[in-house]
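Colleague: I have a chain open on my screen and would like to go through it with you. Can you take my questions in whatever order they come?

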Amino acid sequence: MKENFNRQLLFGTLIGILTPILFLPILVYFLSLSKDMEFGVVWSQISDNNVNTSKYLSLSIIVNLFWFYYFLNKEQYHLTRGIILGMICFAPYMVYTYFFQ
């Protein structure tokens, strides 16, 4: 049981959770550049509309694929499991906001 839960798994989970949260403003910035709008306007549109929040959060989760393949090639399998677990942590929120809001 101890082999399944270790620091690498926890570290991978933190990477899987924090990377999309940190990448979301960058994604919104590029979206605002493409729409020729200010960052604050686009950010408020996304944060006010929960369906859009779910969509753009799922787009920012794609960045975790970089970490997944990087650690997979380094044969750090506990880190890759943690990244998958971190991505799964977003699923209940996205399903809730998409279907019930």
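Modeller: Start with Asp36, which counts as exposed at 72% relative accessibility. Exposed means over 50% relative accessible area, buried under 20%, and partly exposed in between, with a 1.4 Å probe and protein chains only.

Colleague: Where is Asp36 placed?

Modeller: Asp36 is in the loop between H1 and H2. Its phi is near 55°, a positive value in a residue other than glycine. Most residues other than glycine have a negative phi.

Colleague: And what is phi near for Glu75?

Modeller: Phi of Glu75 is near 60°, again positive in a residue other than glycine. Glu75 is in the loop between H4 and H5 and counts as exposed at 55% relative accessibility.

Colleague: Before we go on, what kind of model is this?

Modeller: It is a predicted model, where local features need pLDDT of at least 70 and side-chain atom pairs count only at pLDDT 80 or more, while totals for chains, interfaces and linings use all residues. Residues are numbered from 1 along each chain as its sequence is written, and side-chain values use heavy atoms, with hydrogens and water left out.

Colleague: How many helices and strands does the chain come to?

Modeller: There are 6 helices and 0 strands. Helices (H or I, at least four residues) and strands (E, at least two) are DSSP runs, numbered from the N terminus. The C-alpha atoms fill a box of roughly 50 × 30 × 15 Å along the principal axes, and buried residues make up 32% of the 101 residues.

Colleague: What makes up the largest nonpolar core?

Modeller: It has 11 residues, among them Leu24, Leu27, Val42, Tyr56, Leu57, Phe90 and Met94. H1, H2 and helix H3 (50-61) each supply at least two residues of this core, and the largest share, 4 residues, comes from H1. A nonpolar core is a set of buried Ala, Val, Leu, Ile, Met, Phe, Trp, Tyr and Cys residues joined through side-chain atoms within 4.5 Å.

Colleague: Which residues is Leu57 in contact with, leaving aside neighbours within four places in sequence?

Modeller: Leu57 is in contact with Leu24, Phe90, Tyr93 and Met94. Contact means heavy atoms within 4.5 Å. There is also a second, separate core of 5 residues, including Ile15, Phe68, Phe71 and Leu79.

Colleague: What span should H5 have?

Modeller: The 13 residues of H5 (77-89) should span 18 Å, and the end C-alpha atoms are 18 Å apart, so the two agree. The expected span is 1.5 Å times one less than the number of residues.

Colleague: Changing topic, which residues make the nonpolar surface patch?

Modeller: Ile26, Tyr29, Phe30, Leu33, Phe39 and Trp43 make a patch of about 580 Å². H1 gives the largest share, 4 residues. Phe30, which is in helix H1, is exposed, with a relative accessible area of 53%.

Colleague: How is a patch defined?

Modeller: Patch residues have over 30% relative accessible area and no salt bridge; like charges are joined within 9 Å, and nonpolar side chains (Val, Leu, Ile, Met, Phe, Trp, Tyr) within 5 Å. A salt bridge is a side-chain nitrogen of Lys or Arg within 4 Å of a carboxyl oxygen of Asp or Glu. Accessible areas come from the Shrake-Rupley method with a 1.4 Å probe, and for residues only the protein chains shown count as cover.
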